[in-house]
Amino acid sequence: MEVLTILIPVSLFLGLVGLAAFLWTLRKGMYDDPDGDSQRILNAQYDDAPKPVKRGDS
Amino acid sequence: MSTVTYRPSACPACDAAPAAEALAGRAALPNARLLLSVPEVHCAGCIATIERDLSRMEGVNSARLNLTLKRLSVDAAAAVGVQDVIARLDRLGYDAHELDAGTLSMTETDKQGRELLMRLGVAGFAMMNIMLLSVAVWSGAEGATRDMFHLISALIAIPTVAFSGQPFFRGAMKGLRAGRMDMDAPISFAIILTLIISIYETLQSGEHAYFEAVVMLIFFLLAGRYLDFRARAVARSAAQELAALEVPRAIRLADGVESTVSVAELAVGDLVLVRPGGRVPVDGVVTAGKSEIDRSLLTGETLPVYAAEGSALSAGEVNLTGPLTVRVTAAGKDSSLHRMADLVANAESARTRYTTLAERAARAYAPTIPLLSIGAFIVWMYISGGDLRLAVNIAAATLIITCPCALGLAVPAVVTAASGKLFRKGLLIKDGSALERLAEVDTVVFDKTGTLTMGTPVPVNLDDHTETQMRVALALAAASSHPLAQALAQALHDRGVSPVPLDAVQEVPGYGIEGDWNGARVRLGRAAWVGATPREMTAAYLGIGTACDAFTFTDALRPGAEDVVKGLQAQGKAVLLVSGDVPGAVRDLAQRLGIADWHAEALPQDKADRVAALQDAGHKVLMVGDGLNDTVALSAAHVSISPASALDAARAASDMVLLGRDIAPIADAIRIAGQSTRRIRENFVQSGLYNIIFVPIALLGFATPLWAAAVMSISSITVTLNALRLK
């Protein structure tokens, strides 16, 4: 049962990582346009190179 | 749609100000963010076309289309006007309305939604982690191990409840302070009590702790609340955005100097200039100028009315051809616009507040939760001869099982599914209870001009004219901005007619256009001025020398008008047409659409009275209208819909807004509304069924935390799945 002393902190830590990732996606506005995002994947515009980052874009 | 948009960043004086100069060092021109509603976008192709085309447009830095909200955001130099973007989109084949970027950028509602989502996320992750530990307990962890697992669960659950449970605690406090019992109070009661009992059990190394059930309850309830919130927020912001179109401004003439002032500053006796194409801002009398006035939004008349010195004008009418100087006779509260607003307010207060199914269910169900568990506590105290711990445990189990997890999802899940479906069809729900009210409708009353018709004229008898007549007419019509002339020019142009060369073309405001053609005087305009005998229908008269001819017009049918009437009649709804227009025009349309029950020349109060009379006779009326003359009827009806092209007042008075050009979705909307109300009832029955089965088990003391968790998740999932069955 000693293994629990490692496993429980590990599982809690992983849970927190997941939560942090969720909050990050939320802050970045990744849930703002679910319909559009699912359609944008069909768009071939940025297939070869990613969209260039513009100055002043936030 | 307003043709004049006021943007502070476009003001040249601001650029010259010293503060702006400091900014100009960094960017040559301040960029503006334009927001537009584009109701017809639906696929990847739309996104690519619009974004690519707009980013090639001069001055545009970037354009991004949000497909979920059907909203386009354009980052552009200040010189780019909204009208340019709208015109460009129009060429691509998309309708667009301007939105007010200021109120929409990062509003209070956005923050609220994000906050709710964050609480939901925290509850979700806490729930999963506690569940991991609970599964170990359920599968047989004992003694010190179980106690430690419970302790860790408590350490996760306590901060989670403190953070994620806040919306319920706040709602409960508010409700209790106002002296009413809604769902929040029993929910908060259950959450806090179960948490305390579980902590106590943990410290006593007891067998049962309900941490996972508490957090799960919060999670499902928050999910319901978030769905509910989102459906309402989308509708609210879109309603705001449509309302942000028109700035109530007027051009005041004082000693021959023009100044733009807010309508509120105008006083009786002021002189106001109304340019062609502009809306009359106040009630008044014309003191100079001749023109024609479009009253369709006020009265439903399609035919423009002649106005000259001495004519009385009402606020809301549109000036068509020549500039008019108007002396204000009534401003602010006394104007006819305001009198209309008063009528609307009266009609609204007369409409009894609708109690939704959810409210009725909550009212009936809320008190039973604490009552049942208190009852269980007392009975078990008696049976066990004062075993406090056993009685408290059973009370907690009862509390957590009766808690209306599925009930909290039952309505929002269905409403979200239904409003999403309607939104994709181009209908926006402004009021949450509108869907339920729409389901009860048995009578539909339509307005004519602007609702079943587009409110734009289309020439009908082009084939009756000779090539020469058409060529002359095109040359004259192209020189005017009058709606009949423009419609005629467009139609002739589309036929491939080429205009004849004319000399000395001039527009005579209020009468028409004239010019010289090979030495002969040619005129296009009003019958008397041209010298023709007037006909009964809308027409523009053409005079070449002394020979006269008439181009007749009909109002273009709104796309889907025939389908919507047929669809409604097929569903067994009574369809009425009530218009302020002349009997001839109304009869034509009624016959064309197969509406037997029509009424013409109805004043705003007549329309409202007719709606009220129908409702008194026990009918549930859906009113569909767009004009100022419809607003009273719109707010008096059981439920109301207006197209996006309607006046602010009409949109504000209605429960739903039709975003697209097509009116056909209305018939579908009634069907979907009926279906969703059925789903809501099914959901209530379903979650009630779970209670009927499991509450006795809890009361008898057989319920374990495993039971509670299983019942809660199964009932929530079935309720959600049922909502998704909506077709």
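Predicted model: local features only at pLDDT ≥ 70, side-chain atom pairs only at ≥ 80, totals over all residues.
Local features are given where pLDDT is at least 70 and side-chain atom pairs count at pLDDT 80 or more, while totals for chains, interfaces and linings use all residues. Residues are numbered from 1 along each chain as its sequence is written, and chains are lettered from A in the order in which they are written.

**View 1. The side of chain A that touches chain B.** Here 20 residues of chain A are in contact with 19 residues of chain B, where contact requires the C-beta atoms of two residues, placed from the backbone, to lie within 7 Å. On the chain A side, α1 (3-27) and α2 (34-40) each supply at least two residues, and α1(A) gives the most, with nine residues. Sorted by class, this side of chain A has nine nonpolar, seven polar and four charged residues, with Ala, Val, Leu, Ile, Met, Phe, Trp, Tyr, Cys and Pro counted as nonpolar, Asp, Glu, Lys and Arg as charged, and the others, Gly among them, as polar.

**View 2. B:S205 in a loop between two helices.** B:S205 lies in the loop that joins α9 (184-203) and α10 (211-243) of chain B, helices being DSSP runs (H or I) of at least four residues and strands runs (E) of at least two. Although B:S205 is not a glycine, its phi is positive, at about 40°. The residue B:S205 is exposed, with 12 other C-beta atoms within 10 Å (exposed: 12 or fewer such atoms, placed from the backbone).

**View 3. B:N518 in a loop between two strands.** B:N518 sits between β18 (512-517) and β19 (520-525) of chain B, and this residue other than glycine has a positive phi near 50°. B:N518 is exposed, because 11 other C-beta atoms lie within 10 Å.

Methods
Buried ≥ 20, exposed ≤ 12 C-beta atoms within 10 Å, placed from the backbone.
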